[in-house]
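Here is a short briefing to keep beside you while you browse. Have the sequence and the 3D view open, and we will go through it topic by topic.

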Amino acid sequence: MNEKHSTSIEKVLSATIESLYQNGLSNTTTRVIAKKANTNVSSINYHYKSKDSLLEEALQSIINEIFDWDEIYSLDDIDEKDSIVYALDLIIQTRINCPSNTVILLDQIMQSQFLPVFMNRILSLMSSITDRLIKKNKSPITETSISVSQIFFSVLLPGILQPNLQDSLDCINLFDDKERLAYIRNAVNKLL
């Protein structure tokens with residue numbers, strides 16, 4: 001790939017990311033992107049097979065920027081249960097502390113056909129943790145996979161996927177560090 005071609009792709013991707021933050025998912029059009037990238041729509045169509053593939057790549061970049069996956073994955077030096085608690089807490093803290101335009105964009109992602117972009121990162125993390133538990137504890141694969149899935153989804157549903165659901169949970173305030181950690185630890189201890 002030549003340098004001019006590579007620069008053009010980077011400009012289009014950068015313009016798409018900027019538009020997603022500024023305009024949201026539904027208002028990010030190829031015309032808006034082309035204008036921001038100082039190119040034309042046919043150039044975008046040349047570089048990307050579809051608008052959806054461009055949006056998917058941009059959303060993957062955004063999700064990688066928002067959540068510190070390197071920190072989440074670098075938990076080899078602590079107990080497996082603590083690593084799950086830490087990872088889930090870090091994901092929820094990140095979601096809670098996001099700027100409002102990022103929260104709006106995350107909510108749009110969660111309610112769109114692009115939900116798998118985020119879920120694939122979560123599933124990859126779950127798989128990594130499940131593999132560690134199986135190797136260390138010689139746990140049965142199916143039982144461990146089910147337990148890790150139950151933990152992740154019982155914690156992430158109110159914490160990430162359905163943030164308004166938290167308002168109806170009188171027993172827990174996920175915005176309070178102690179309550180959030182207690183909630184996560186309780187799920188981990190009961191299910192593992």
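Predicted model: local features only at pLDDT ≥ 70, side-chain atom pairs only at ≥ 80, totals over all residues.

**The nonpolar core**
- I91 is also one of the residues that touch the most other members of the largest nonpolar core, together with L59, F67, I122 and F152.
- That core has 53 residues, and its largest share, eight residues, comes from helix α8 (residues 115-137).
- As general background, nonpolar side chains in soluble globular proteins tend to be buried together.

**Helix α6 from end to end**
- Helix α6 covers residues 80-97, which makes 18 residues.
- At 1.5 Å a residue the helix should span 26 Å, and its end C-alpha atoms lie 25 Å apart, so the two values agree.
- Buried residues in α6 include I84, V85, L88, L90, I91 and I92.
- The buried set also holds residues such as D89, T94 and R95.

**The start of α6**
- Here a side-chain oxygen of D79 comes to within 2.9 Å of the backbone nitrogen of K81.
- E80 belongs to helix α6, and E80 counts as buried because its relative accessibility is 9%, below the 20% cut-off.
- Not counting residues up to four places away in sequence, E80 touches R132, L133 and K136.
- S83 is another residue of α6, and its relative accessible area of 1% is why S83 is classed as buried.
- The side chain of S83 reaches back to the backbone oxygen of E80, at 2.7 Å.

**Two loop residues with positive phi**
- For context, most residues other than glycine have a negative phi.
- N38 has a positive phi, near 55°, and sits in the loop between α2 (30-37) and α3 (41-47).
- With a relative accessibility of 67%, over the 50% cut-off, N38 counts as exposed.
- K138 also has a positive phi, near 50°, and is found in the loop between α8 and α9 (141-161).
- K138 is exposed too, because its relative accessible area is 70%.

How values were computed. Residues numbered from 1 in each chain as written. Heavy atoms only, no water. Helix = DSSP H or I, 4+ residues; strand = E, 2+ residues; numbered from the N terminus. Expected span 1.5 Å × (residues − 1). Buried < 20%, exposed > 50% of the residue type's maximum accessible area, 1.4 Å probe, protein only. Polar contact = N/O pair within 3.5 Å; in protein donor to acceptor, adjacent residues only side chain to side chain. Contact = heavy atoms within 4.5 Å. Core = buried A, V, L, I, M, F, W, Y, C linked by side-chain atoms within 4.5 Å.
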